[in-house]
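Me: I am new to this structure and would like to learn how to read it. Please take me through it one feature at a time.

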Amino acid sequence: MQKWLARIRKGYGKKLTSLHAWNGWIVVILAFTGLILFQGLWRGILGEGRVLIRELHIVVGIASLVPVVYYLLLAGKHWKQLRGKAWQKVNVVIVLALLVGWLLSGLLLWQFRAVGPRWSGHALQVHDLLTWIGLPYVIYHSITRLKWLKEPHRRTVKTGRVSEGTGARAAVHPAAGPGAVMTRSTFIKTAIGAGIAITVGPSFLNWLGNQLSGGTTFDEAVATDANKLLPAPAPMPGSSPPIGGGSKGSFRIYTVTPIPKFDNASFSFTIDGLVEKKLQWNWEQFVALKREVQVSDFHCVTGWSVYNNTWEGIKLKDFLKMAGVKPGAKTVKFYSGDGVYTDALTLEQADMDDVLVAVMHDGKPIPSDLGGPVRLVVPKMYTYKSVKWLNRIELIDGEHIGYWEQRGYSNDAWV
């Protein structure tokens with residue numbers, strides 16, 4: 001074992017330098033791809049390209065284990081050379097903790113089906129937290145290690161009045177108090193750190209506020225609802241107050257198109273295709289339909305969840321009974337009012353008792369940002385099946401591959 005370690009550590013300095021460079025590129029790729037995956041805006045722009053970026057993020061994330069393990073083999077010798085250099089030791093520990101934390105939480109997110117929604121939800125929070133803390137730190141670490149900061153002839157920032165003499169090396173007048181406040185290198189590093197904090201800080205605080213508030217995102221979405229539909233649906237007793245006690249968690253706003261908005265003139269809801277009777281409602285007619293209340297959890301395939309949602313709406317199977325399903329029908333296809341997104345359920349899946357065409361959430365109309373005025377809710381499946389801005393249901397005789405299923409997602413969306 002000792003001989004093997006000795007061979008590994010041979011040429012230690014060059015290997016450590018190379019390892020540092022490779023690790024830097026890994027972090028850059030993970031940061032770039034991770035921020036794209038985090039921003040919902042890129043979903044619509046990239047389409048199926050987002051799935052490729054997700055795969056790249058996973059592969060590179062797993063590959064990050066290699067430099068960590070390789071460094072641990074060199075760590076004994078490196079640690080000896082850092083004797084007396086406390087800050088450099090702290091830096092090594094921080095970087096290793098970030099890499100290991102990212103790796104472990106990323107593995108749980110990758111295997112979200114195996115670990116379940118609660119574990120993947122916690123993993124997503126850890127992954128995000130490490131990113132908000134770690135990415136600015138890595139950027140700072142990288143910039144402040146640039147060669148131009150280590151030039152030996154850098155000047156010194158001074159305070160007080162300069163005494164007689166000229167040039168950068170003029171003496172400080174004794175009455176001016178202490179001479180050098182900080183080196184030029186330290187001053188630049190402080191300025192870089194302040195700049196990163198000012199740039200990243202507000203976004204981090206906004207993210208942290210969403211994590212701690214549990215439901216603020218929904219309240220904000222209600223306050224900024226772009227839909228203008230009258231009359232507003234009156235909540236049933238089970239919705240006001242919500243029998244679920246109020247949703248626990250925060251929604252993330254994802255959309256593949258600009259968020260549509262509706263008013264009484266533009267809204268309609270249709271059931272057609274292989275049905276005995278085509279049905280169509282305007283808003284006044286639709287909001288007058290008899291509704292039911294149910295409590296269910298809401299799980300996104302990206303790892304986050306919102307629990308104890310109180311939904312109010314009409315069961316999908318009741319709509320199908322109203323229209324009458326013809327014998328040749330096999331699939332229920334759903335259309336979004338954005339004009340782009342579609343998805344589908346089999347007739348057997350559509351007959352589940354908790355599949356709801358929802359118009360209210362926690363006693364309030366579903367806002368435009370969260371898929372209102374009408375959205376599908378399929379609690380037993382990940383929410384790319386829960387079509388937002390639902391305005392048409394069609395019965396068809398074949399299969400239909402939905403928007404994200406065409407772009408690499410599994411057609412089997414069971415939680």
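Me: In which helix is the place of Ile 62?

Reply: Helices (H or I, at least four residues) and strands (E, at least two) are DSSP runs, numbered from the N terminus. Ile 62 has its place in helix α4, residues 49-63. Before going on: this is a predicted model, in which local features need pLDDT of at least 70 and side-chain atom pairs count only at pLDDT 80 or more, while totals for chains, interfaces and linings use all residues. Residues are numbered from 1 along each chain as its sequence is written, and side-chain values use heavy atoms, with hydrogens and water left out.

Me: How many helices and strands are there in the chain?

Reply: The chain has 13 helices and 12 strands.

Me: How do I read burial, and what share of the residues is buried?

Reply: Buried means under 20% relative accessible area, exposed over 50%, and partly exposed in between (1.4 Å probe, protein chains only). Of the 415 residues in the chain, 45% are buried. Ile 62 counts as partly exposed because its relative accessible area is 34%.

Me: What does the accessible surface of the chain come to?

Reply: Accessible areas come from the Shrake-Rupley method with a 1.4 Å probe; for residues, only the protein chains shown count as cover. For the chain the total is about 22100 Å², and carbon and sulfur atoms hold 63% of that surface.

Me: Which residues form a nonpolar patch on the surface?

Reply: Patches are made of residues with over 30% relative accessible area and no salt bridge; like charges are joined within 9 Å, and nonpolar side chains (Val, Leu, Ile, Met, Phe, Trp, Tyr) within 5 Å. Here Ile 62, Val 100, Leu 104, Leu 107 and Trp 110 form such a patch, with about 400 Å² of accessible area together. Helix α6 (residues 86-110) gives the largest share, four residues.

Me: What about nonpolar residues in the interior? Which residues touch the most other members of the largest nonpolar core?

Reply: In soluble globular proteins, nonpolar side chains tend to be buried together. A nonpolar core is a set of buried Ala, Val, Leu, Ile, Met, Phe, Trp, Tyr and Cys residues joined through side-chain atoms within 4.5 Å. The largest one has 47 residues, and Phe 269, Phe 286 and Val 357 touch the most other members. At least two residues of this core come from each of β3 (269-273), β4 (279-281), α11 (283-286), α12 (316-323), β7 (331-336), β9 and β12 (390-396). The largest share, four residues, is from α12. Apart from this core lies another, of 16 residues, including Ala 123, Phe 251, Phe 298 and Ile 366.

Me: What does Val 357 touch?

Reply: Contact means heavy atoms within 4.5 Å. Leaving aside residues up to four places away in sequence, Val 357 touches a set that includes Phe 269, Phe 286, Phe 319, Leu 376 and Ile 393. For the chain, 72% of the contacts with a separation of 6 or more are between residues 24 or more positions apart.

Me: How many salt bridges does a search of the whole structure find?

Reply: A salt bridge is a side-chain nitrogen of Lys or Arg within 4 Å of a carboxyl oxygen of Asp or Glu. The search finds 11 of them. One of these joins the side chains of Arg 291 and Glu 312 (2.8 Å, N to O). Arg 291 is in the loop between α11 and β5 (292-299) and Glu 312 in strand β6 (residues 305-315), so this pair ties together parts 21 residues apart in sequence. Arg 291 is buried at 9% relative accessibility, and Glu 312 is buried at 0%.

Me: Which residue meets Glu 292 in a salt bridge?

Reply: Lys 315 does, at 3.5 Å, N to O. Glu 292 lies in strand β5 and Lys 315 in strand β6, so they tie together parts 23 residues apart in sequence. Glu 292 is partly exposed at 32%, whereas Lys 315 is buried at 15%. Salt bridges that share partners join Glu 292, Lys 315, Lys 317 and Asp 353 into one network.

Me: Last, with which side chain does His 361 make a polar contact?

Reply: A polar contact is a pair of N or O atoms within 3.5 Å; within protein, one must be able to donate a hydrogen and the other to accept it, and residues adjacent in sequence count only if both atoms are side-chain atoms. The partner of the His 361 side chain is the side chain of Asn 309, at 2.7 Å. His 361 is in strand β9 (residues 356-361) and is buried, at 1% relative accessibility.
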